[in-house]
Amino acid sequence: MEKGHILIVEDEEKIARVLQLELEYEGYSVIIKQDGTEGLNAAAEGGYSLVLLDVMLPGLSGLEVLRRLRKTDQQTPVILLTARDSIPDKVTGLDIGANDYVTKPFEIEELLARIRAALRQNGPKTEDIGTFLTYDDLRVNEKTREVRRGNKEVELTPREFDLLVYMLKHPQQVLTREQILNSVWGFDYIGDTNVVDVYIRYIRKKLDYPYKKQLIHTVRGVGYAIKG
Ligand code: CA
């Protein structure tokens, strides 16, 4: 499983590149932005588990990025990368909502430890803000990809999961095989629409057949719907 999605805002290409390689090696996925404005835009869009933010940046300074980000997002952990001699940056950074800071030049092991700690602290909150899709007694967490029907956890493959999510986002609506195929498999999928029937059968076997109430219905000659 992916450990987390990290945004690096750092204008020094060499440092950014080394960080990216190390973090990817550790199992994180990484996006790099090289100036403050772009970094803020990316961070404000959300979806990151953590932000590594250099203080000295072109565009907006790292501290300004942090100040603005914290107006809308108090959750995402931010670790500042500061210059060794800049005590005021560290103090201000923590005051305005940085979770931690690491002084340049840093040991990568130390930074990794700080990242793990910041992610751990943020752990329980992340679950609270997970996105849930529900229908009847079916409950899907899009972030953790957990699926439950009633109290029972249901294991789906990635494709089955995507199919279920697509249907849950269009409840009580008849979806044609073509609509499902285009949205779940993509327009460039080469093959026939029978694959939809096959996968509907897979998820029914896991989600419907063991239960009294069927949620996935066949609409003969048209397609499928979640209803009932
Ligand atoms: Ca810099």
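The structure is a predicted model, in which local features need pLDDT of at least 70, side-chain atom pairs count only at pLDDT 80 or more, and totals for chains, interfaces and linings use all residues. Residues are numbered from 1 along each chain as its sequence is written, and side-chain values use heavy atoms, with hydrogens and water left out. Helices (H or I, at least four residues) and strands (E, at least two) are DSSP runs, numbered from the N terminus.

**Calcium site**

- The calcium ion is coordinated by D11 (OD), E12 (OE), D54 (OD) and M56 (O), at 2.1 to 3.1 Å; donors here are N, O and S atoms within 2.8 Å of the metal (3.2 Å for Na, K and Ca), and sites may look incomplete because water is not among the atoms.
- Along the chain, the donors of the calcium ion follow the spacing D-E-x41-D-x1-M.
- E12 counts as partly exposed because its relative accessibility is 39%, whereas M56, at 62% relative accessibility, counts as exposed; the classes are buried under 20% relative accessible area, exposed over 50%, and partly exposed in between (1.4 Å probe, protein chains only).

- In helix α3 (residues 62–72), the buried residues are G62, L63, V65, L66, L69 and R70.

**Helix packing around α8**

- Helix α6 (residues 158–168) and helix α8 (residues 194–207) have axes that come within 10 Å and cross at roughly 85°, which makes α6 roughly perpendicular to α8.
- Axes are lines fitted to C-alpha atoms, for helices over the stretch in contact, and angles run from 0 to 180 degrees between N-to-C directions; those under 35 degrees count as roughly parallel, over 145 as roughly antiparallel, 65 to 115 as roughly perpendicular, and the rest as oblique.
- The α6 side of this contact (heavy atoms within 4.5 Å) is made by R159, E160, L163, L164 and M167, and the α8 side by Y199, I200, Y202, I203, K206 and L207.
- By class, the contact of α6 with α8 has 8 nonpolar, no polar and 3 charged residues, where Ala, Val, Leu, Ile, Met, Phe, Trp, Tyr, Cys and Pro count as nonpolar, Asp, Glu, Lys and Arg as charged, and the others, Gly among them, as polar.
- Helix α7 (residues 177–185) also packs with α8, at an angle of about 80° and with the axes 9 Å apart, so α7 and α8 are roughly perpendicular to each other.
- R177, I180, L181 and W185 of α7 make this contact with V195, V196, D197 and Y199 of α8, and the residues of the contact divide into 6 nonpolar, no polar and 2 charged.

**Individual residues**

- E13 has its place in helix α1 and is exposed, with a relative accessible area of 58%; its C-alpha atom is separated by 50 Å from that of Y224, 211 residues apart along the chain.
- Q214, found in the loop between α8 and β11 (216–219), counts as partly exposed at 29% relative accessibility.
- Leaving aside its neighbours within four places in sequence, Q214 is in contact with D208, Y209 and K227, while Q214 and R204, 10 residues apart in sequence, are 8.4 Å apart in space, C-alpha to C-alpha.

**Backbone features**

- Most residues other than glycine have a negative phi, and most peptide bonds are trans.
- The peptide bond from K104 to P105 is cis, with omega near -5°, and P105 is found in the loop between β5 (100–104) and α5 (108–128).
- D136 has a positive phi, near 55°; this residue lies in the loop between β6 (132–135) and β7 (138–141) and is partly exposed at 45% relative accessibility.
- R145 likewise has a positive phi, near 60°, lies in the loop between β7 and β8 (146–149), and is partly exposed, with a relative accessible area of 41%.
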